[in-house]
Structures are given as C-alpha cells and as structure tokens.
Amino acid sequence: MAGGSMLTLFHLVMIYHSASLPQWVYRVDSCPDPKNISQWIEASKKLNCYHNLTSNNPTEQERIYHCLPSSFLNETLEFCSRSVLINSGNCPVYSYEFGTSNTPISYNCTDFISGCPTVMFKSKEVYKFPMCLNLRPKLRCFEAEKNCLSNT
C-alpha cells in the first residue's frame, strides 16, 4: 500500500507542477527590478500589454502589465490584466480560480515583518511595494512573513 500511496503522491505532484496556465499568462523567474520602472515598461512592451503602465487615465486600466506571485505562493507570473484597487494591508496575487479573466486578487500581508502596504493602491503599482514580490517558493510564503522566516 505504501508504494501505491507514493505513486499517487508522485502523480499529484506532477499534475501540480505541469498545471497549464491560461493563454497570455507566463511563469517567470522574477519580476523586473521594483526600483527600475523602465524594466517594468520594457516587460510590458514585450508582452504587448495594451495600455501604459504609468497611465492614470480611467479608460486605460485594461490590459496593463502585471507581474505577481501566484496565490499558491510558489511561482511568479506575468500577464496583462485590468488594474484593480488593492486595500491597505494586502498584496496583489494572481489566482488560478478566476480562469481567463486574469484579475489580481488580494493576499493579506498584515503579518509581514515589514513592507506590507499601508495605503490603497492599484495592482499595476505593485512595484512600489517590493515585499509583495519577494517569495520563498519552496516554502510557499513571502520572505517578509513572520512564519516564513521561522521555517528556514
């Protein structure tokens, strides 16, 4: 029975690691440098996102470049999406649950040691909050989380 359980676990792990992404969502090793907006704009151009990342025009908030951790906290993804408001005390993350809509959702970061946003912001502006981008993928947590540090 133990051999069968291991085989089942192996299959589940393989399915999880090979999970397909919706069209136009890509796994990346990391996001552009949060301190260099030019890198974010260049990444947006490469992905052919329709609107300018720095635009504040309300009619230009669709198909804007995003680079976010997944809600599983094990990978970083880039995609074009509608920019949504993120409440203070939260970081935007990509959720597989919404299928092809690619709309970021919020992840409560109030237990971060530092770097959790204290203001409401647009999801496209995550680069202003670098701790929202720093993952420990093998531990499936943000580096700034208290529990993540104790797991190392």
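**View 1. C141 and its contacts.** Leaving aside neighbours within four places in sequence, C141 touches L73, L135, R136 and C148 (contact means heavy atoms within 4.5 Å). This is a predicted model, so local features need pLDDT of at least 70 and side-chain atom pairs count only at pLDDT 80 or more, while totals for chains, interfaces and linings use all residues. Residues are numbered from 1 along each chain as its sequence is written, and side-chain values use heavy atoms, with hydrogens and water left out. C141 sits in strand β9, residues 141-142 (helices, H or I of at least four residues, and strands, E of at least two, are DSSP runs numbered from the N terminus). With a relative accessible area of 7%, C141 is buried (buried is under 20% relative accessible area, exposed is over 50%, and partly exposed is in between, using a 1.4 Å probe and protein chains only). C141 and S71 are 70 residues apart along the chain, and their C-alpha atoms are separated by 9.8 Å.

**View 2. The whole chain, for orientation.** Stepping back, the protein chain has three helices and nine strands. Follow the sequence and you get the pattern α-β-α-β-β-β-β-β-β-β-β-α. Of its 152 residues, 40% are buried. Among contacts with a separation of 6 or more, 51% come from residues 24 or more positions apart.

**View 3. Helix α2 and its buried face.** Helix α2 spans residues 37-46, and its buried residues are W40, A43 and S44. Looking down the axis of α2, these buried residues fall within an arc of 105°, so they line one face of the helix (the arc is that of the directions from the helix axis to the C-beta atoms). An α-helix has 3.6 residues a turn, so residues three or four places apart point the same way.

View 4. N36 caps the N-terminal end of α2, with a side-chain oxygen 3.1 Å from the backbone nitrogen of S38. After α2 comes N48, with a positive phi near 60°, even though N48 is not a glycine. N48 belongs to the loop between α2 and β2, and at 59% relative accessibility N48 is exposed. R63 is found in the loop between α2 and β2 too. R63 has a positive phi of about 50° without being a glycine, and its relative accessible area of 37% makes R63 partly exposed.

**View 5. Y65 in strand β2.** Y65 lies in strand β2 and is buried, at 0% relative accessibility. Which residues does Y65 contact, leaving aside its neighbours within four places in sequence? They are P32, W40, A43, S44, L47, C49, L53, E78, F79 and K124. The Y65 side chain also makes a polar contact of 2.7 Å with the side chain of E78 (a polar contact is a pair of N or O atoms within 3.5 Å; within protein, one must be able to donate a hydrogen and the other to accept it, and residues adjacent in sequence count only if both atoms are side-chain atoms). E42, from helix α2, is 23 residues away from Y65 along the chain, with 9.9 Å between the C-alpha atoms. E42 is partly exposed at 40% relative accessibility.

**View 6. F79 in strand β3.** F79 has its place in strand β3 and is buried, with a relative accessible area of 0%. F79 and I64 are 15 residues apart in sequence and 8.1 Å apart in space, C-alpha to C-alpha.

**View 7. The largest pocket.** The largest pocket has a volume of about 260 Å³. It is lined by 15 residues, and the closest to its centre are V28, D29, S30, C31 and T76. (On a 1 Å grid over the protein atoms alone, a pocket is an open set of points where a 1.4 Å probe fits, with protein on both sides within 12 Å along at least five of seven lines; lining residues have an atom within 4 Å of a point. Grid points are joined across faces, edges and corners, and the volume is the space filled by probe spheres set on the points.) By class, the lining has eight nonpolar, four polar and three charged residues (Ala, Val, Leu, Ile, Met, Phe, Trp, Tyr, Cys and Pro count as nonpolar, Asp, Glu, Lys and Arg as charged, and the others, Gly among them, as polar).
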